[in-house]
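Please look over the sequence and the model shown below before reading on. The briefing that follows is meant to be read side by side with them.

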Amino acid sequence: MSGLPSQAFDVAYQQLRGQKEDLRTIRNQAIFSATITGLVATIFSSILVSAAPDTLFHDAILFGMSLEALIVYSLVFASLGLAIKTIIGWEEVRFELNPGYWLHAYDFRKAENDLEQKVQAEMADEAIKNLIANEAVIDTAKSNLFYSLILAFLQVPAWLYFLY
């Protein structure tokens, strides 16, 4: 395989593989974020139960909980929700190419001289379209991960304020 279409196909396919690894890494980091959120919430809730169990329900404003408790639990659930949204990945991504191009070329290979390069050019074009579409999904996952981590660490001052 040589020529510009072959090189374009190789580069585009390698970029698709890179995107797949990027998304896998982001989702693994979202698992870390969910773990941090759960760990911080567990530690501080244990402290709360042992040190000041009545703090949760003093000056109740909503659902029988205080404003501080609502803020803390909102941070916990928002962080977990963003992490879960990142891990599950509701959006469609395409990292594979359509093998139909090759099958179609096989049927008509005697009709054209440079058919292999034409097929590679078409597959490179499909890969580029997938790259562009996948990039939006990856950017959303990165954003969700970032905010999940921010909310996870914002729990600490909220818990400290809540406890003292």
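**Salt bridges and a helix contact**

Five salt bridges are found in this structure, which is a predicted model.

**A bridge between Glu96 and Arg17**

- Glu96 and Arg17 form a salt bridge, in which the closest N and O atoms are 3.1 Å apart.
- This pair links distant parts of the chain, since Glu96 sits in the loop between helix H2 (67–88) and helix H3 (100–107), while Arg17 belongs to helix H1 (residues 4–51), 79 residues apart.
- Glu96 is partly exposed, with a relative accessible area of 41%, and Arg17 is also partly exposed, with a value of 23%.

- Arg24 and Glu21 meet through their side chains in a salt bridge, with a distance of 2.5 Å from N to O.
- Both residues, Arg24 and Glu21, lie in helix H1, where they are three residues apart, or about one turn of the helix.
- Arg24 counts as partly exposed because its relative accessibility is 42%, and Glu21 counts as partly exposed because its relative accessibility is 41%.

**A bridge between Arg94 and Glu126**

- Arg94 forms a salt bridge with Glu126, and the closest N and O atoms of this pair are 3.0 Å apart.
- Arg94 lies in the loop between H2 and H3 and Glu126 lies in helix H4 (residues 115–163), so this bridge ties together parts that are 32 residues apart in sequence.
- Arg94 is partly exposed, with a relative accessible area of 36%, whereas Glu126 counts as buried because its relative accessibility is 8%.
- Salt bridges that share partners join Arg17, Lys20 and Glu96 into one network.

**How H1 meets H2**

- Two packed helices are described by the angle between their axes and by the distance between those axes.
- The crossing in which H1 passes H2 is left-handed.
- On the side of H1, the residues that make the contact include Ile26, Ala30, Ile31, Ala34 and Ala41, while those on the side of H2 include Val76, Leu80, Ala83 and Ile87.
- The residues of the contact of H1 with H2 divide into ten nonpolar, four polar and one charged.

Conventions
Residues numbered from 1 in each chain as written. Predicted model: local features only at pLDDT ≥ 70, side-chain atom pairs only at ≥ 80, totals over all residues. Heavy atoms only, no water. Salt bridge = Lys/Arg side-chain N within 4 Å of Asp/Glu carboxyl O. Helix = DSSP H or I, 4+ residues; strand = E, 2+ residues; numbered from the N terminus. Buried < 20%, exposed > 50% of the residue type's maximum accessible area, 1.4 Å probe, protein only. Left-handed = near helix turned anticlockwise from the far one by under 90°. Contact = heavy atoms within 4.5 Å. Nonpolar A, V, L, I, M, F, W, Y, C, P; charged D, E, K, R; others polar.
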